[in-house]
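Q: I have a model open and want to learn to read its features. Can we go through them one at a time?

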Amino acid sequence: MKIRIKGNSIRFRLTQSEVKTLTETGSIEEQTLFESHSFIYAVKMVEEQNEMTAIFANDKIILNVPKAQLENWYSNEIVGFENIQKLSNGSRLSLLLEKDFTCLDNRIEDQTDNYPNPKATAKT
């Protein structure tokens, strides 16, 4: 799972196996270890919500996604989901959850579990 944060925008990207785990078990979590703390980020399926929301507490970001959105997500063509969460201080938090596609250029990172990039064309 990858997470990108820029200003008031959070983007989560999940590989095929991560999407499958999320849809089968209801959650997925990763962490980045620092000297004295861990930064934890997670995606959680929730039944009681109609839209995506995020919370940050105890060094952990949790993206809550409605169960209805995630049904069959592993095998369907939906790339992702987005929402603008209104915060109590009047600010807005942009949320994006999407499938992680293979890059079109060469990358050092392992992309074997990524979804095939729909922009890739077969060379004949």
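Q: Which elements do the buried residues of α1 pack against?
A: Start with contacts. This is a predicted model. The buried residues of α1 pack against the strands β2 (9–14), β3 (27–33), β4 (38–46) and β8 (92–99), and against α2 (67–70).

Q: Which residues of α1 are buried?
A: The helix covers residues 16–25, and E18, V19 and L22 are buried in α1. They span an arc of only 100° around the axis, so they sit on the same side of α1.

Q: What does the face turned away from the buried side carry?
A: Look for exposed residues there. That face of α1 carries E24 and T25, both exposed.

Q: How is α1 placed relative to β3 and β4?
A: Compare axis directions. α1 lies across β3 and β4, and runs at about 125° to β3.

Q: What is the strand order in the open sheet of four strands?
A: Read the order from the pairing. Here it is β3-β4-β6-β5, with mixed pairing. β3 and β5 stand at the edges with a single partner strand each, so one side of each has no neighbour in the sheet. From one strand to the next, the twist averages 15°.

Q: Do β4 and β6 run parallel or antiparallel, and how many bridges join them?
A: Count bridges and check direction. β4 and β6 run parallel, joined by seven bridges. As one example, Y41 has I61 in β6 as its bridge partner.

Q: How do β5 and β6 run, and how many bridges join them?
A: β5 (residues 53–57) and β6 (residues 60–66) run antiparallel, with five bridges between them.

Q: Is N58 buried or exposed?
A: Check the relative accessible area. For N58 it is 75%, and over 50% counts as exposed, so N58 is exposed. Its C-alpha atom is 8.9 Å from that of F39, 19 residues away along the chain.

Q: Is Q85 buried or exposed?
A: Apply the other cut-off. Q85 lies in strand β7 (residues 80–86). Its relative accessibility is 13%, under the 20% limit, so Q85 counts as buried.

Notes
Residues numbered from 1 in each chain as written. Predicted model: local features only at pLDDT ≥ 70, side-chain atom pairs only at ≥ 80, totals over all residues. Heavy atoms only, no water. Pairing = 2+ DSSP bridges. Helix = DSSP H or I, 4+ residues; strand = E, 2+ residues; numbered from the N terminus. Buried < 20%, exposed > 50% of the residue type's maximum accessible area, 1.4 Å probe, protein only. Arc of directions from axis to C-beta. Contact = heavy atoms within 4.5 Å. Axes fitted to C-alpha atoms, helices over the stretch in contact; angles between N-to-C directions.
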